[in-house]
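Trainee: I am new to this structure, and I would like to learn how to read it. Could we go through a few features together?

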Amino acid sequence: MMRKKWIVLFVMAVFLATMAGAITKFLRKDNKPKVVVVLQERNLQYWNIVRTGAEKGFREFDIDGEVVAPGNKSKKDGLEYTLESILNEHPDVLVVAPNESPAVIPILNKFIENKIPVLLIDADIPLEHKTAYIGTNNFELGKKAGELLASQLQPGDEVALPFFAEDLTHPILSERIKGTTLSLDAAGIKVVTEPNHSQSSSIKKIMTTILQKHPDVKGVYTTTDLYALEALTVVEEHGLKMPVIGADGIMEMIELIKDGTLTGTVAQNPYDIGYISIETASKVIKGEKVRRNIDTGVDIISKDNAKLKLDFMGDLLR
């Protein structure tokens, strides 16, 4: 008797779970598949371009899509809270730009346990059962940045590499540092730095220290364009003129390249990251096989193509 009762309760539970899933799907727009994209920031230029690419993908692949970002909590806690909320919505696919918080992987594993495929963008964290990573190979980006800088210098020259100590363990910035150092070493160029600074310091202070200790520096590489703009301020304050190479391709940096103040930078393709992530999600929903690692490439921006890049980004951000 008890066994029959248990079987009846089990069948009812399965039925109710199935009905809940069916109701959720029915309430979605025109019964379209649901994809949620979780970014790290709301207002930064880079993430706005990723969002624009994702929204284009929603339209083209007929997906009920949503782009969200953590609210006013700290970045790490905010991402965890946002992911927990999305898990309750049970989307068909989650697209997420993760951070280095140790709590993120356990939450993403909950999506996987609930048969929700997880696509990582921007940072490829060690999530064992992710469906794919869509984004930049940051080691290769660093290598290209090093090659670009080396092409403007001579063997034996010194190059400044200002960064924070925490950057050496950052999943993106550490790969860029490794790639750049490899290229510069291969070109016979010496890298000088002052890494023992926490982020309570500033790139300006670190760059100032480097120039004081190494007055013969002939060039600068930084792992982001925001760092590069700070380093450039110090270089100009010292009355120096030298190539300053960054990474990411933000508009302020490209403007300086267009007007000849700087010679170049390397850039990710955030629009492609957003668009290709949705294209990949669409394939996953249809049951198609997708590559586990999808490289969205790196652009080298110089005076020759700076205006074209600015026009393209300007159109996206309007």
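**Reading the core**

Mentor: Gladly! In the largest nonpolar core, which has 35 residues, Met 207, Val 217, Val 220, Val 244 and Leu 262 touch the most other members. A nonpolar core is a set of buried Ala, Val, Leu, Ile, Met, Phe, Trp, Tyr and Cys residues joined through side-chain atoms within 4.5 Å, where buried means under 20% relative accessible area, exposed over 50% and partly exposed in between (1.4 Å probe, protein chains only). This is a predicted model, where local features need pLDDT of at least 70, side-chain atom pairs count only at pLDDT 80 or more, and totals for chains, interfaces and linings use all residues. Residues are numbered from 1 along each chain as its sequence is written, and side-chain values use heavy atoms, with hydrogens and water left out.

Trainee: What does Leu 262 touch, not counting residues up to four places away in sequence?

Mentor: Contact means heavy atoms within 4.5 Å. Leu 262 touches Leu 232, Val 244, Met 253, Leu 256 and Ile 257. Apart from this core lies another, of 21 residues, including Leu 39 and Val 95.

Trainee: Is Leu 168 buried, exposed or partly exposed?

Mentor: Leu 168 counts as partly exposed because its relative accessibility is 45%. Leaving aside neighbours within four places in sequence, Leu 168 is in contact with Phe 163, Ser 174 and Ile 177. The C-alpha atoms of Leu 168 and Lys 178 are separated by 9.1 Å, although the two are ten residues apart along the chain.
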